[in-house]
Number of protein chains: 2
Amino acid sequence: MRLSRYFLPVLRDVPKDAEIASHRLMLRAGMIKQQASGLYSWLPLGYKVLMKVKAIIEEEQNRSGAIELMMPTIQSADLWRESGRYDAYGKEMLRIEDRHEREFLYGPTNEEMVTDIFRTYVKSYKDLPLNLYHVQWKFRDEVRPRFGTMRSREFLMKDAYSFDLNKEDAVKAYERMFVAYLRTYARMGLTAIPMRADTGPIGGDLSHEWIVLADTGESAVFCDKRLLDKPIPGPDVDFRGDLKPIFNDWTSLYAATEEMVDMAEFEATVPEEFRVSARGIEVGHIFYFGTKYSEPMKATVTGPDGKEITVHMGSYGVGPTRVVPAIIEAFHDEAGIVWPVSVAPFEAVLINLKAGDAECDAACDKLYAELTAAGLDMLYDDRDQGAGAKFTTADLIGIPYQIILGPRGLKAGEAEIKHRKTGERETLPIADAVARLKGLIEPQRKTDI
Amino acid sequence: MRLSRYFLPVLRDVPKDAEIASHRLMLRAGMIKQQASGLYSWLPLGYKVLMKVKAIIEEEQNRSGAIELMMPTIQSADLWRESGRYDAYGKEMLRIEDRHEREFLYGPTNEEMVTDIFRTYVKSYKDLPLNLYHVQWKFRDEVRPRFGTMRSREFLMKDAYSFDLNKEDAVKAYERMFVAYLRTYARMGLTAIPMRADTGPIGGDLSHEWIVLADTGESAVFCDKRLLDKPIPGPDVDFRGDLKPIFNDWTSLYAATEEMVDMAEFEATVPEEFRVSARGIEVGHIFYFGTKYSEPMKATVTGPDGKEITVHMGSYGVGPTRVVPAIIEAFHDEAGIVWPVSVAPFEAVLINLKAGDAECDAACDKLYAELTAAGLDMLYDDRDQGAGAKFTTADLIGIPYQIILGPRGLKAGEAEIKHRKTGERETLPIADAVARLKGLIEPQRKTDI
């Protein structure tokens, strides 16, 4: 993408009322614009990151056997009366009347609707296990939206819903999602730790929050340091096999949020040198809640013996619009964002040091065409601006690699590569630039970790 | 995808209250489920088609130079007061109060919000032309939703918005979208004809509706038959060059919807043998409306001479949730849907005639792995069901090619390929099946027409 034809409204000034780094940086890097309290537009750079995050989530959901569909944002109040949550949900639910004065709501979550889909079509135990998910906009009318898209009112959410014949099978479904989540965050470059969590209004008795450690985290968390370095299951993990060993391995070490922590247990089970007491950002939440919705909504199947069985359910959420700022909280420095390659809006930026100079333009145009043809996701700063402004922008928006070419380098037949993360610079023959950048970038795409 | 692990709730019975073929077939093929009046879930098969349609739209928007972003579904009423449309819009607008009793609405369209984004960031004529688009859920509270997702209340819409310095440039932007739309529909296998149209509540003085001819169309249309066979601009069309010759070529032949038709002109300009008077389905609508929104909302840029210039705008809409049923209206027969390859949920379905037979399973599993490895988007009917049910399902859901393998064929070393569209069948050595199917499918993907 040529920057001269792109829409990247970076801000020079630090926005006043943005309290945390990710919110400030998302505004400064032209990723988002607030439209009203808790309502954001995702500008092109931000939207591109959001879609990369969404694609990783979908790939790992599909790999685990979950099936994607799409439920509408607007739901009938009657559906929520069946589960008893319409009155219970309170003011966070955005309630709506249509032109015929029928009651609707903007879905804050989808247990009711997916249970309705299930009970409409699924009749036999033979159709289980089943896990249906969607990635859809949701709305929670927070009293005080804050931290940009970290706690917005309209937000994008992947939620998956599992249906099984009994608790034993439902726990297996839970373990599949557990492993899918391990892989999902790792592919985004995040170290997310599953922690015992309170089940809240969703209900149920087995639940983990996925927490990224960050000083700006909303809640205190307590865990065993050895969780931070645990290897992630590979792409060949068998989702139709027994995942309990992986699940047990991860959950055998202590990790709990402040609502669930038992300090005596924490200190008794975790040797002092491994005790981590820190702040964390929740980037996902998974639940097993048994028959809480299937029972009142009569979601049953016929069992092998012909008897009706109420299915056991779980739900599994991760919010891309919250994950993006969480990644920024984890990866930024004084100069701006430092994207991991797998979720970077562009993998590298080609900086033309003297746009307008015919020779320099020709060399940069050629290099840009070659880099793009090599399959690299490139930004090309071809704007008629000074080098300083270009470097500042490239650093701010956090592109992992900068490849810099100007008249002097051109004369010497050399370009420069700057590694955004380390600040390291290397000079190399222009002819070697494509191979070098490919070599740097491809291993970091994490498509097959 | 193995059908035994998929979620494909096909219906045997023809739904009673579905009036048109596409609505009936989408319900029967397990593509959609109605959740309330005018509100639909897109089940996995339907969602997969919807995403293929969306991807084609995005590719052609990007090719033309439009830039993707994402605006929220919920908008502030104040924004719409600025343009004067909040009171004017009427009951189709879903109006909402939040917990603080502030007025919001579920966006039926986005001229106001995108103009707000523009005026916030764009200050100079140097930043033009600019075309921003998104693909987002919208809501229009129709009095009587009908025809399934053809006229639903919540629907997916791509809308692009162009910003230019003057009318001349704005018309060029309009021509770029015009050509992008020609390519978009052609890639989906549709013959969509641009017709002079009324501008309706959007306003403006240049507008085309894109119409697919179909007996079930909502409106009468009148056009020159020679439009039906006009060649489509190729992938090498230069969107930065002069597109007026293409635009003039297409618009020189008569085509108008019933609101705009002048029968005397129609008959005077179109020779009798070329007169088409038919019914059509609207699958897109493009508008140039000048300063209708930029004027009241003060969207201006500084011109070359330092003076403030109010920008000229256009908007360009196509609704994927309406395009999908339009494709079905155009392509179906007695047995079900007949998808064009480019938007088919799967390109081919492998039918195992004797699932459960160890030898047949092994041969089919192997063939499935090979077809998938060859890059074909495959469905694999591995269910323990009779051949008749499998053929019926494959025909109903409209997969372009069926590849059929059973014990008898296996003994002879042969498989059968059925062409869904023509009914043609061919028997061939199993070893040749992958190459043959690739040869049939790849040219029809229309990624580079």
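Predicted model: local features only at pLDDT ≥ 70, side-chain atom pairs only at ≥ 80, totals over all residues.
Which residues of helix 5 of chain A are buried?

View 1. Helix 5 of chain A, which spans residues 111–121, is mostly covered, since nine of its eleven residues are buried. The buried residues of this helix are Glu111(A), Glu112(A), Met113(A), Val114(A), Thr115(A), Asp116(A), Ile117(A), Phe118(A) and Tyr121(A).

**View 2. Helix 1 and helix 9 of chain A where their axes cross.** Helix 1 of chain A covers residues 21–28 and helix 9 of chain A covers residues 320–330; their axes come within 8 Å and cross at roughly 105°. Because angles of 65 to 115 degrees count as roughly perpendicular, helix 1 of chain A is described as roughly perpendicular to helix 9 of chain A. On the side of helix 1 of chain A the contact is made by Ala21(A), Ser22(A), Leu25(A) and Met26(A), and on the side of helix 9 of chain A by Val324(A), Pro325(A), Ile328(A) and Glu329(A). Sorted by class, the contact between helix 1 of chain A and helix 9 of chain A has six nonpolar residues, one polar residue and one charged residue. Helix 9 of chain A is itself mostly covered, with ten of its eleven residues buried, and its buried residues include Arg322(A), Val324(A), Pro325(A), Ile328(A) and Glu329(A).

**View 3. The hairpin of strand 1 and strand 2 of chain A.** Strand 1 of chain A (residues 32–36) and strand 2 of chain A (residues 39–42) pair in the antiparallel sense over four bridges. Within this pairing, Ala36(A) has Leu39(A) of strand 2 of chain A as its bridge partner. Two residues lie between the strands of the hairpin, and Gly38(A) takes a positive phi near 75°. Four of the five residues of strand 1 of chain A are buried, so this strand is largely enclosed by the rest of the structure.

**View 4. Met31(B) and the largest nonpolar core.** The largest nonpolar core has 236 residues, and of these Met31(A) and Met31(B) touch the most other members. Leaving aside neighbours within four places in sequence, the residues in contact with Met31(B) include Met26(B), Trp42(B), Leu43(B), Leu45(B), Val49(B), Val324(B), Ile328(B), Ile337(B) and Trp339(B); Ser41(B) and Gly46(B) are also among its contacts.

**View 5. An open sheet of three strands in chain B.** The strands of this sheet follow the order 4-6-5, and their pairing is antiparallel. The edge strands are strand 4 (74–76) and strand 5 (94–97) of chain B, each of which pairs on one side only, and the twist from one strand to the next averages 40°. Strand 5 of chain B is joined by four bridges to strand 6 (residues 103–106) of chain B, the two running antiparallel. Leu94(B) finds its bridge partner in Tyr106(B) of strand 6 of chain B.

**View 6. Ile399(A) in a loop of chain A.** Ile399(A) lies in the loop between helix 11 (387–397) and strand 21 (401–405) of chain A. Is Ile399(A) buried or exposed? Ile399(A) is buried, with a relative accessible area of 0%. Not counting residues up to four places away in sequence, Ile399(A) touches Trp339(A), Pro345(A), Phe346(A), Glu347(A), Ala348(A), Val349(A), Ala394(A) and Arg420(A). Ala389(A) is ten residues from Ile399(A) in sequence, and the two are 15 Å apart in space, C-alpha to C-alpha.

How values were computed
Residues numbered from 1 in each chain as written. Chains lettered and ligands numbered in written order. Heavy atoms only, no water. Axes fitted to C-alpha atoms, helices over the stretch in contact; angles between N-to-C directions. Parallel < 35°, antiparallel > 145°, perpendicular 65-115°, else oblique. Contact = heavy atoms within 4.5 Å. Nonpolar A, V, L, I, M, F, W, Y, C, P; charged D, E, K, R; others polar. Core = buried A, V, L, I, M, F, W, Y, C linked by side-chain atoms within 4.5 Å. Buried < 20%, exposed > 50% of the residue type's maximum accessible area, 1.4 Å probe, protein only. Pairing = 2+ DSSP bridges.
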